[in-house]
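User: I would like to learn how to read a protein model feature by feature. Could you take me through one, giving the general idea before each case?

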Amino acid sequence: MVLKKTKNTWLPQIVFLAVLSGLTYLPRIRELTYYRDDWYFLYDALVIGPRALIEIALHTRPIRGPLYELYFSLFGLNPLPYHIVMYITRLAGGIGALWLFNLLWPQKRYPNFFLAVLFLLFPGFLWWVAGFEFQPYVLSLTLQVFSIAFTLKAISSETPSKRLGWTIAALLSGWAYLALVEYAIGMEVFRLLCVYLYVRRKDNQLTFVPSVVKTLKISTLHLLIPVVFLIWYQFLFDNWRRAQDAGTQLGRLFDSPLTTLWWVVQLFRSVLNVSLFAWIVPFYQNFYGNRLKDILLGLFFAAFVIVMIYIANIYLRREPSDDQEDKYDSNNWPKELLWVGLIGTVCGVLPVVLANRVVTFERISQYTLPASLTGVIVLGGLIYSISSQKIRIMLLAGLVGLAVLAHHGLAAQAVREEKTISDFWWQVVWRAAAIRPGTTLVVTYPGIPYAEGNDVVWGPANFIYFPEKQNRTPVTIPISASRMEADSMLEIIKGNRSFEKTDLVIKNISIDYDYKNLLILSQPSEGSCMHAIDARWPDISIYDQPLLHASFQNSKIENIDPHGESSVPPAYAFGSELPHEWCYYYQKADLARQMGDWKQVARLGDEAQKLGYHPNDQVEWMPFLQAYAFLGDQKQVKVVSTRINTEPFYKQQACMNLSAMAKQGYPLPSEMQSYVNELFCI
């Protein structure tokens with residue numbers, strides 16, 4: 001009885017949307033912490049408080065500031081609630097899309113559900129794992145969907161009070177979604193297309209021109225959304241981001257006619273990416289590079305979701321409205337999907353292209369979001385052009401499966417990256433009780449090429465070592481970190497320049513890049529420990545990047561203060577402390593080596609060996625080799641030599657490091673010097 005009562009309601013479809021999206025986005029949500037630029041935002045909030053989040057967005061997208069402030073006031077520094085809110089917002093957008101599609105095509109409830117599924121699981125947006133920074137983008141998309149639906153409700157309402165209420169809702173949500181993401185303004189064309197479809201459906205005797213005139217007439221109030229926003233944004237708002245200034249971008253057009261041709265190429269590329277390639281490229285980029293257990297887990301959930309798709313297909317096809325759907329304009333509807341979706345997608349990505357950007361899936365996948373609504377309509381038009389229902393459901397299941405695999409692959413990569421970073425900094429804390437302010441870090445994480453995104457270095461470092469409150473902006477970053485771009489790498493190798501840099505767009509942080517005061521920290525491979533490079537006797541691995549081989553002499557180990565007050569990484573960002581295994585003993589031994597406490601180094605080496613610990617990277621025997629040699633323990637030197645000498649580069653490095661000890665005030669006994677020369681230097 002209950003099932004019969006709910007069969008004609010939205011409840012079954014909403015439940016299916018929640019289940020499908022939950023299986024896609026939620027399995028690893030508890031493992032996600034801070035991702036990439038989240039460090040930037042949350043460090044500002046840590047040391048300044050919520051008001052810093054308002055100032056960050058004040059001259060770029062000012063409505064984001066209060067949103068960030070609200071979330072931070074509610075959830076603080078705990079990452080989990082942000083990821084939960086991100087999911088709920090995304091689910092709300094999917095439910096809104098289902099409502100919108102049913103308003104546009106009321107007799108197509110069954111295919112509308114699958115369009116909503118495609119929209120909700122759209123795999124082209126890859127920043128959903130960044131739970132803090134990208135909240136506004138997802139919220140903007142949800143408000144965009146609801147604003148257009150509110151417009152349709154307003155123009156179809158028969159009473160003035162309802163019409164007014166829906167219109168106000170459409171205006172407010174419309175201005176809000178544009179204020180959050182200004183380049184979504186192209187989707188206002190899709191709003192007009194939706195009104196046009198409503199006009200034609202109400203009176204299918206109207207020809208094209210009268211339909212357009214009527215569309216504009218009944219949309220007059222709703223045109224205030226883009227018009228008022230553009231007036232405010234271009235003429236009243238103090239915008240510091242030149243890419244968002246229409247005059248700047250149009251000026252480039254007139255400077256070079258070739259710009260127009262290039263824009264056409266990028267527009268074509270962007271449309272294809274949003275409507276078609278989003279279902280293939282992110283899957284290919286993010287799935288196969290994972291560990292086997294992550295691949296198998298993704299396949300399990302993808303199979304589960306595909307089964308749910310077939311269950312939804314069987315259940316929803318039994319709705320009484322199906323007979324009407326099959327009779328309703330079955331030939332013209334896919335064509336309508338195609339032309340509406342294509343025009344909407346072109347206009348949706350056009351502002352991005354006019355800003356000299358392009359919609360891709362690498363670092364700027366947020367540009368796919370606004371037009372993803374129309375991109376899935378294009379895809380739906382292609383799928384429902386196929387007459388065979390079996391082939392259609394197979395295609396839908398296949399696309400959804402690819403989306404699930406893409407999202408699970410992305411989540412696995414994000415979790416792995418965040419775990420790598422947290423483990424790295426736990427080792428740093430073991431090694432460095434304190435790092436001196438003014439230090440510029442050069443860090444290599446295993447398998448994380450962060451290029452200009454140096455937030456993932458200075459963010460964790462300052463969270464741990466300098467969490468103290470500051471009382472002014474721009475925020476001072478006590479420990480800076482070099483970017484890993486070509487120009488920066490040259491500065492690292494030279495090691496002779498320093499300069500202060502304030503974020504030129506947000507102007508909310510000030511970083512002193514001092515290439516004369518570097519500290520190089522490297523974890524060459526996943527199996528290696530973190531190595532704090534001491535120019536006196538560096539532990540350089542065969543897995544280290546060429547950059548480190550060229551610049552190790554510029555690393556100043558004195559930037560690590562061995563006598564400073566110990567710092568503890570906060571558990572909400574770094575998890576629990578790692579087990580005290582080989583890397584713990586290596587870090588403590590390296591710290592003792594820095595202080596010249598060779599007895600402590602030897603004691604730690606003996607203890608580690610008794611416990612059965614050993615390195616995966618044999619260069620990590622170096623501090624113990626030096627200690628045993630200095631203390632005259634020929635037996636242990638011989639044992640360690642058999643491990644180090646398995647790699648010729650390490651043998652050569654051992655010779656150099658042992659020879660350097662006398663210059664640093666730690667001469668070896670003459671008999672030991674002859675012995676190590678024979679072992680390592682011949």
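User: What percentage of the 682 residues in the protein chain is made up of buried residues?

Analyst: This is a predicted model, and burial in it is judged by relative accessible area, with a residue counted as buried under 20%. By that reading, buried residues make up 57% of the 682 residues in the protein chain. The chain holds 30 helices and nine strands, and its C-alpha atoms fill a box of roughly 105 × 55 × 50 Å along the principal axes. Among contacts between residues at least 6 apart in sequence, 79% join residues at least 24 apart.

User: Which residues have the most contacts inside the largest nonpolar core?

Analyst: A nonpolar core gathers buried residues that are joined through side-chain atoms. Here the largest one has 217 residues, and F190 and W425 are those with the most contacts inside it. Helix α20, residues 389-431, gives the most to this core, with 20 residues. Setting aside residues up to four places away in sequence, F190 touches L100, L104, I148, V340, L373, T374 and I377.

User: Why does V349 count as buried?

Analyst: The step to follow is from a percentage to a class, with the cut-off at under 20% relative accessible area. V349 counts as buried because its relative accessibility is 0%. This residue is found in helix α18, residues 332-354, and, leaving aside neighbours within four places in sequence, V349 is in contact with L267, S270, V271, V274, V359 and A371. Separation can be read in two ways, along the sequence and through space: V349 and L521 are 172 residues apart in sequence and 41 Å apart from C-alpha to C-alpha.

User: How much space lies in the second largest pocket, and which residues are closest to its centre?

Analyst: A pocket is an open space, and it can be read by its volume and its lining. The second largest pocket has about 900 Å³ of space, and of the 43 residues that line it, K419, T420, S422, D423 and L578 are the closest to its centre. Helix α20 gives the most to this lining, with 12 residues, and the lining as a whole divides into 19 nonpolar, 12 polar and 12 charged residues.

User: Which residues line the largest cavity?

Analyst: A cavity differs from a pocket in that the probe fits but cannot get out. A search of the whole structure finds five cavities of 30 Å³ or more, and about 90 Å³ of space lies in the largest cavity. Its lining consists of Y25, I29, L32, H83, M86, Y87, R90 and W128, with the largest share, four residues, coming from α6. These lining residues divide into six nonpolar, one polar and one charged.

Notes:
Residues numbered from 1 in each chain as written. Predicted model: local features only at pLDDT ≥ 70, side-chain atom pairs only at ≥ 80, totals over all residues. Heavy atoms only, no water. Core = buried A, V, L, I, M, F, W, Y, C linked by side-chain atoms within 4.5 Å. Buried < 20%, exposed > 50% of the residue type's maximum accessible area, 1.4 Å probe, protein only. Helix = DSSP H or I, 4+ residues; strand = E, 2+ residues; numbered from the N terminus. Contact = heavy atoms within 4.5 Å. 1 Å grid on protein atoms, 1.4 Å probe; cavity = no way out; pocket = protein on both sides within 12 Å on 5 of 7 lines; lining within 4 Å. Points joined across faces, edges and corners; volume = space filled by probe spheres on them. Nonpolar A, V, L, I, M, F, W, Y, C, P; charged D, E, K, R; others polar.
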